[in-house]
Amino acid sequence: MNKWMKAISFWVFFGIFVFSSPAFSNQEVDEINAAIKEKKAKWTAGETSITKLSEQDRQKRLGLISSKVHEEVYAIPELMSVPSSFDWRNNNGNFVTPIRDQGNCGSCWAFATTAALEAQVLMINNTPGINLDLSEQMLVCCSSSGSCDGGYIDLPSNYIRDIGLPGEDCCPYTATNNSCSLNTCTKNCIDLHTIRGWHWVTKSVENLKSELYTYGPLIVDMRVYKDFFSYQSGIYSKVKGSYQGDHAILIVGYNDAGQYFIVKNSWGTGWGESGYFRIAYSELISVVKFANSNIAYEN
């Protein structure tokens with residue numbers, strides 16, 4: 001092999017190594033765990049399905065565009081007397097459908113709203129434990145609420161209320177911006193699931209608990225910082241890293257003794273606590289701005 005071939009081989013190998021290597025190094029994870037220890041946070045960082053991705057692909061796991069919410073549109077909170085801990089996955093049965101994976105598409109907004117609808121249907125029909133799998137793709141393609149480049153949580157909620165969603169089999173998820181005019185969703189899907197209505201939920205720990213207990217799982221938002229991608233277990237609070245983008249998720253429970261909410265994510269089961277995470281009540285008032293804009297579905 002001559003020197004030119006050796007040089008070419010080196011740069012090809014170097015390029016493959018650089019562009020296929022994990023986005024998070026062991027050193028980065030070690031630094032996050034050190035920051036967790038220093039700040040006495042209560043979670044563990046490590047390699048996850050998300051830390052293995054490139055920075056570009058990690059960005060595609062976000063995608064929420066914040067809605068412009070005005071105070072006058074919030075429902076007047078009526079605080080209920082609620083238990084000290086509660087979980088819709090264990091309330092005389094499991095009313096939360098399995099963890100999904102949005103893949104390389106900024107469609108967290110579609111997954112959070114679809115997950116809320118699935119839970120509502122199970123609650124209304126009193127069919128806990130059923131894997132009701134409704135179509136996020138229909139929201140991405142047909143709702144004019146967003147795309148793989150991001151979307152809202154109020155606009156798809158209007159679509160779910162006014163039109164409804166079919167099953168996954170009718171309109172399978174492709175993690176792409178398919179054209180609605182070419183989509184079979186608009187032709188053959190007649191078994192559509194809807195909600196009676198929805199309302200914004202005011203931001204406070206007590207009000208979120210009350211609304212969750214009264215109405216079911218809540219669609220909420222958060223600002224994601226880099227350390228969150230490495231979350232493996234525990235009660236998350238931000239300790240290190242730069243702001244990455246906004247994200248939509250689903251609160252399914254809470255625990256006063258541990259001072260945390262239980263949240264369903266849409267990054268598959270290879271991240272977090274089998275796809276879920278716990279987040280400290282304190283993150284409502286931190287830079288994470290957890291649950292800044294929140295929606296409850298009504299049925």
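The structure is a predicted model, in which local features need pLDDT of at least 70 and side-chain atom pairs count only at pLDDT 80 or more, while totals for chains, interfaces and linings use all residues. Residues are numbered from 1 along each chain as its sequence is written, and side-chain values use heavy atoms, with hydrogens and water left out.

The chain contains eight helices and 11 strands, where helices (H or I, at least four residues) and strands (E, at least two) are DSSP runs numbered from the N terminus. Of its 299 residues, 52% are buried; here buried means under 20% relative accessible area, exposed means over 50%, and partly exposed lies in between, as judged with a 1.4 Å probe on protein chains only. Among the contacts in the chain with a separation of 6 or more, 77% are between residues 24 or more positions apart, a contact being defined as heavy atoms within 4.5 Å.

The cysteines were examined with a simple rule, by which a disulfide is a pair of cysteine sulfur atoms within 2.5 Å. One disulfide is found in this way, and it joins cysteine 105 to cysteine 148, with an S to S distance of 2.0 Å. Cysteine 105 lies in the loop between strand E2 (85-87) and helix H4 (108-125), and cysteine 148 lies in the loop between strand E3 (146-147) and strand E4 (150-151), so the pair ties together parts that are 43 residues apart in sequence. The torsion about the S-S bond is about -95°, and the disulfide is therefore left-handed. Both cysteine 105 and cysteine 148 are buried. For cysteine 108, the closest cysteine sulfur is that of cysteine 105, and because the two sulfurs are 9.2 Å apart, they are too far from each other for a bond; cysteine 108 is buried, at 0% relative accessibility. The sulfur of cysteine 141 has its closest cysteine sulfur in cysteine 142, at 5.4 Å, which is again too far for a bond, and cysteine 141 counts as buried at 12% relative accessibility.

A contrasting case is serine 144, which is found in the loop between helix H5 (136-142) and E3. Serine 144 counts as exposed, because its relative accessibility is 69%.

Attention then turns to helix H8 (residues 205-215), whose buried residues are Asn207, Leu208, Lys209, Ser210, Glu211 and Leu212. These buried residues pack against several strands, namely strand E5 (197-201), E6, E8, strand E9 (260-264) and strand E11 (294-298). After H8 comes glycine 216, with a positive phi near 115°.

In strand E6 (residues 218-225), seven of the eight residues are buried, so this strand is largely enclosed by the rest of the structure. E6 runs antiparallel to strand E8 (residues 243-255), to which it is joined by eight bridges; two strands are taken to pair if DSSP finds at least two bridges between them. Within this pairing, methionine 222 has histidine 247 of E8 as its bridge partner. Strand E10 (residues 276-280) has four of its five residues buried, so it too is largely enclosed by the rest of the structure. E10 pairs with strand E7 (residues 231-236) in the parallel sense over two bridges, whereas five bridges join E10 to E9 in an antiparallel arrangement. Arginine 278 of E10 takes part on both sides, as the bridge partner of isoleucine 235 and as the residue opposite isoleucine 262.

Finally, the structure holds one cavity of 30 Å³ or more. On a 1 Å grid over the protein atoms alone, a cavity is a set of points where a 1.4 Å probe fits but cannot get out, and its lining residues have an atom within 4 Å of a point. The volume of the largest cavity is about 100 Å³, a volume being the space filled by probe spheres set on grid points that are joined across faces, edges and corners. Its lining is formed by 13 residues, of which Phe111, Ala112, Ala115, Asn265 and Ser266 lie nearest its centre. The elements that give two or more residues to this lining are H4 and E8, and H4 gives the most, with five residues.

Technical notes
1 Å grid on protein atoms, 1.4 Å probe; cavity = no way out; pocket = protein on both sides within 12 Å on 5 of 7 lines; lining within 4 Å.
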